[in-house]
Structures are given as C-alpha cells and as structure tokens.
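Subject: Structure handover

Hello,

I am passing this structure on to you. Please look through it first, and then read my notes below.

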Amino acid sequence: MKIELDAYLEEELYDLITYCIQNSESSDYSIKESRIKKIGQELFADGGIDALENMYFSIEHRVKDEISKDAKPYRSLWNGISSEWNY
C-alpha cells in the first residue's frame, strides 16, 4: 500500500508542480501551492526527511527531463515542515 500511495503522491506532485511552472498567473495557483505543501506534510509524517528528499529528487529530474524546466524553486514550499528542510 505504501508504494501505491507514494506513486500516487508523486504523480500528483508532478502534475501540481508542472502546472505551477506553466501557469504562474493562474487564478488557482495558490490552491495548487497549498496542495504541494500538504503533500510535503503527508510525506514527512509517513517517512520523515528521507521521504521528502527522495520524492523531490525524483520530481526535479522528471520535470527537467519531461518539460525542460527547473522545479528547484518549489522546494521552498516545504520549508517549515522540518528544521532539516531549509531551501
């Protein structure tokens, strides 16, 4: 079940980040950002800082490979979840 949940969250996170990158002026941008933050909280609650690092590593590479954009600026949305995560 955990693997399925992680795969689901990865797909959702990928969709949200690519949407935000491509639609920064959209009226629902803040709603998408809020969900990105919530996913970070869910991941951290389930697997700690390692879960955040592993997920974001995967997302950064997917975004770069699939749409040739940089997802790094969105890492800061997870600031405050843990003192170990500070971007």
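What percentage of the 87 residues of the protein chain count as buried? The figure is 37%. Buried means under 20% relative accessible area, exposed means over 50%, and partly exposed lies in between (1.4 Å probe, protein chains only).

Some ground rules come next. This is a predicted model, in which local features need pLDDT of at least 70 and side-chain atom pairs count only at pLDDT 80 or more, while totals for chains, interfaces and linings use all residues. Residues are numbered from 1 along each chain as its sequence is written, and side-chain values use heavy atoms, with hydrogens and water left out.

Overall fold

The protein chain has two helices and zero strands. Helices (H or I, at least four residues) and strands (E, at least two) are DSSP runs, numbered from the N terminus. The C-alpha atoms fill a box of roughly 30 × 25 × 20 Å along the principal axes. The radius of gyration is 12 Å, which agrees with the value near 12 Å for a compact globule of 87 residues. That radius is taken over C-alpha atoms, and the globule rule is 2.2 Å times the number of residues to the power 0.38.

Contact means heavy atoms within 4.5 Å. Among contacts with a separation of 6 or more, 61% join residues 24 or more positions apart. The accessible surface comes to about 5,400 Å², and carbon and sulfur atoms hold 49% of it. Accessible areas come from the Shrake-Rupley method with a 1.4 Å probe; for residues, only the protein chains shown count as cover.

The core

A nonpolar core is a set of buried Ala, Val, Leu, Ile, Met, Phe, Trp, Tyr and Cys residues joined through side-chain atoms within 4.5 Å. The largest one has 23 residues, and L13, I17, I36, L43 and W78 touch the most other members. Helix 1 and helix 2 each supply at least two residues of this core. Helix 2 gives the largest share, 11 residues. Leaving aside residues up to four places away in sequence, L13 touches I36, I39, M55, I59 and W78.

Salt bridges

Side chains of opposite charge can pair when their charged atoms come close. A salt bridge here is a side-chain nitrogen of Lys or Arg within 4 Å of a carboxyl oxygen of Asp or Glu. The structure holds eight of them.

One of these joins R62 to E10, with the closest N and O atoms 3.6 Å apart. R62 lies in helix 2 and E10 in helix 1 (residues 2-22), so the pair ties together parts that are 52 residues apart in sequence. R62 is buried, at 17% relative accessibility.

R62 also meets E66 in a salt bridge (3.4 Å, N to O). The two are four residues apart in helix 2, so about one helical turn separates them. E66 is partly exposed, at 47%. Salt bridges with shared partners join E10, E11, R62 and E66 into one network.

R35 pairs with E42, the closest N and O atoms being 2.8 Å apart. R35 is partly exposed at 23%, and E42 is partly exposed at 29%.

After helix 2

R75 sits in the segment after helix 2 (29-67). Is R75 buried or exposed? R75 is buried, with a relative accessible area of 11%. Its side chain makes a polar contact with the side chain of E53 (3.3 Å). A polar contact is a pair of N or O atoms within 3.5 Å; within protein, one must be able to donate a hydrogen and the other to accept it, and residues adjacent in sequence count only if both atoms are side-chain atoms. Not counting residues up to four places away in sequence, R75 touches E53, Y56, E60, W85 and Y87.

Best wishes
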